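Reader: I would like a close look at the aromatic rings of this structure and at what surrounds them.

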Amino acid sequence: MMKIKVEPLLMKKGQKVAKAAIEFTDDILKGFHLVGFTICDDPVKGLFVLFPANIVKEVGKDNKTFFFLRPSDANQLDNLEDAIIDAYEAMVGAHQEK
């Protein structure tokens, strides 16, 4: 199992509105966090998630993006993005109700 933690940015940075992490709650990964998710809000695309990645720069070559999550099925990323956005919207909704 896992728990999604969302933290809004104090000041909106461009399209970036929040950051998120996944906390693992059982098995061998219990207590570990996967950080580096960024929630963005674009006027055209709406809410979307940037996944943890690193850009590898090689002299004389094109930059390569190295993604830390590699799903075995493309739908898995969509499902994870939906879960992160749901957690963000629940947090924002709870904050607005106060």
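How many aromatic pairs does the structure hold?

Author: This is a predicted model, in which local features need pLDDT of at least 70 and side-chain atom pairs count only at pLDDT 80 or more, while totals for chains, interfaces and linings use all residues. Residues are numbered from 1 along each chain as its sequence is written, and side-chain values use heavy atoms, with hydrogens and water left out.

The structure holds two aromatic pairs, where rings of Phe, Tyr and Trp (its six-membered ring) pair if their centres lie within 6.5 Å, and planes under 30 degrees apart count as stacked, over 60 as edge-to-face and the rest as tilted. Phe 37 and Phe 51 have ring centres 5.7 Å apart and planes at 75 degrees, so this pair is edge-to-face. The pair links distant parts of the chain, 14 residues apart, with Phe 37 in strand β3 (residues 33–42) and Phe 51 in the loop between β4 (46–50) and β5 (53–56); strands (E, at least two residues) and helices (H or I, at least four) are DSSP runs, numbered from the N terminus. Both Phe 37 and Phe 51 are buried, a term that means under 20% relative accessible area, with exposed over 50% and partly exposed in between (1.4 Å probe, protein chains only).

The rings of Phe 66 and Phe 68 have their centres 5.6 Å apart and their planes at 80 degrees, so they too form an edge-to-face pair. Phe 66 is partly exposed, at a relative accessible area of 39%, and Phe 68 counts as partly exposed at 46%.
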